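Thanks for passing this one along. Here are my notes, to be read beside the model.

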Amino acid sequence: MALLSTNGLTAFYGDFQALYGISSEISEGETVAIIGANGAGKTTYLSALAGLRAAGRSMIEFDGSQIGGEKPARILSLGIAMVPEGRRLFPSLSVEENLLVGNYGRKAKGPWSLEAVYRLFPILRERRRQNSSSLSGGQQQMVAVGRALMSNPRLLLCDEISLGLAPSVVKDIYAAIASIRASGASVIVVEQNINQALEVADRVYCFLEGRVTLEGSPVNLTMNQIRSAYFGG
Amino acid sequence: MIWVDTIVQGIMLGGLYALFATGLSLIFGIMRLVNLAHGDFMVLGAFAVLVGVESLGLGIIASAILAGAFMFVLGYALQHLLLNRTLGKDLLPPLLVTFGLSIIIQNGLLEGFSADTQRLKAGGFEEVSVQFGAISVGAMPILTFCSAVVVILLLNWLFYRTETGRAFRATSDDPVTAQLMGIDNNRIFSLAMALAMVVVAIAGLYLGARATFDPLIGPSRLIFAFEAVIIGGLGSLWGTLAGGVVLGLAQAIGAQVNPEWQTLAGHIVFLAVLIVKPRGLFPRTAG
Ligand SMILES: Nc1ncnc2c1ncn2[C@@H]1O[C@H](COP(=O)(O)OP(=O)(O)OP(=O)(O)O)[C@@H](O)[C@H]1O
Ligand SMILES: [Mg+2]
């Protein structure tokens, strides 16, 4: 059975419809990548999963219960954590405080703790007392990922964690995703970089203008299929 | 010697203004809400202590504790049921609603306690003074100042050393992302208002014990609180204490020159600070 599934998930910004019935699923321990052009609805999809956007109750199912439209705090407590687009660190909190606030709403036993996050990203231990805004972009992304891990999520949502980072830093961040997978969590990554997505994911969904245009495992997908699903036509 | 005396009195008066200002500063800092009823809540706090002393026959300290508990519950309920609905991008709704609350509190107190002036009696403690060389300082002003310092120390401990404090700061930085951490903004705001109201009750205690009060003096006390917050600079409670001290000094020195200039001198210094350093003397540097 799927850990999480969406059934005809829709989302609106006022009169504008951003998602037109997304059906998707992810199993326990699986890593799924969402690709799609700018404005395809990837962030909207993750926000709905995290409870930041209204959704019908039955549109999202997690671990057997319907959670569509629940409050973000409730969703986190069930074990869905998000690394938001643009990192969104708390500027008046130190690096360590940013990490600590990550488990405010969910104190679950599991592989992740302050110590484990510092082992994953040793540079953060050196910077722990610093203000988060004094870090480089890559280090900030590490804090954002670590912060989400602190709640020991069963499902981790990552929105464009490689955006604007140097290739070597992207490699570090994705190496971390590998250890997160190894720890047993399911992961949904939203990626602009298609090669990166194909490399990390067990399965890929391609979004176009609020709809799923392609779904499959990277080994079975051809570049042509992906291109037409990505750009339409 | 008279000037040294004036300066000491001014600093001590600053402690009172810092107490007036702390609740206001706290609420603005956490939820960007300017509470126009802040002064009236202090007066309500003073009346709550008065009820404890005169109607329930309790001692002033027991009454103050009871008033603090009452204001805590009131603050939580008020934020939860009313003020949270006014928060948003637009700063106007909370201003209008707290302005309305100010009128409701004043009229409610007039109805319940008449327009008579009242005073909290501290059992002769008002008369006690301490001699430092040639200067004599009232025990009450010293206690007020120490209370302000203790309140700010405790609040800073809460903000910087506890999980709840971290949640306050995170919510103040970015309420949407705070929700992703499992923080319920409404609950955090209600808790913040409840805490601020405890500080308001303490301010009300000193407001009532150091001078007379009546149901309508809230707005004039709000002005002092407001000036102290702005002079100190938003975002830091020590700044608020410093702002209170600057205001207290200005008033004491003004009064020394001419007794009628006390409040005026405070206003002038406030305006001067606004012109020279619009962000206050000790603004929180970015981050
Ligand atoms: N706050 C908003 N108000 C109105 N429309 C919005 C808002 N946020 C997103 N949209 C619109 O919804 C659609 C989907 O946006 P979304 O941010 O989900 O796309 P995305 O796939 O994450 O894009 P990107 O790759 O640029 O991050 C877009 O057309 C966008 O313009
Ligand atoms: Mg996006």
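The points below cover the sheet, the ligand and a helix pair.

1. A word on the basis first: this is a predicted model, where local features need pLDDT of at least 70, side-chain atom pairs count only at pLDDT 80 or more, and totals for chains, interfaces and linings use all residues. Residues are numbered from 1 along each chain as its sequence is written, with chains lettered from A and ligands numbered from 1 in the order in which they are written.

2. In chain A, four strands (DSSP E runs of at least two residues) make an open, antiparallel sheet ordered β2-β1-β4-β5; strands pair if DSSP finds at least two bridges between them. β2 and β5 (65-66) of chain A are the edge strands. Eight bridges join β1(A), residues 4-13, to β2(A), and Ala11(A) sits opposite Leu19(A) of β2(A).

3. Do look at the shell around ligand 1, which includes Lys42(A), Thr43(A), Thr44(A) and Glu85(A) (C-beta atom, placed from the backbone, within 6 Å). Helix α1(A) (a DSSP H or I run of at least four residues) gives the most, three residues.

4. Over in chain B, the axes (lines fitted to C-alpha atoms over the stretch in contact, with angles from 0 to 180 degrees between N-to-C directions) of α2 (38-55) and α4 (92-113) come within 9 Å and cross at roughly 25°. α2(B) and α4(B) are therefore roughly parallel (angles under 35 degrees). Among the contact residues are Phe41(B) and Phe47(B) of α2(B) and Ile105(B) and Phe113(B) of α4(B) (C-beta atoms, placed from the backbone, within 7 Å).

Terms used
Angles under 35 degrees count as roughly parallel, over 145 as roughly antiparallel, 65 to 115 as roughly perpendicular and the rest as oblique. Two residues are in contact if their C-beta atoms, placed from the backbone, lie within 7 Å.
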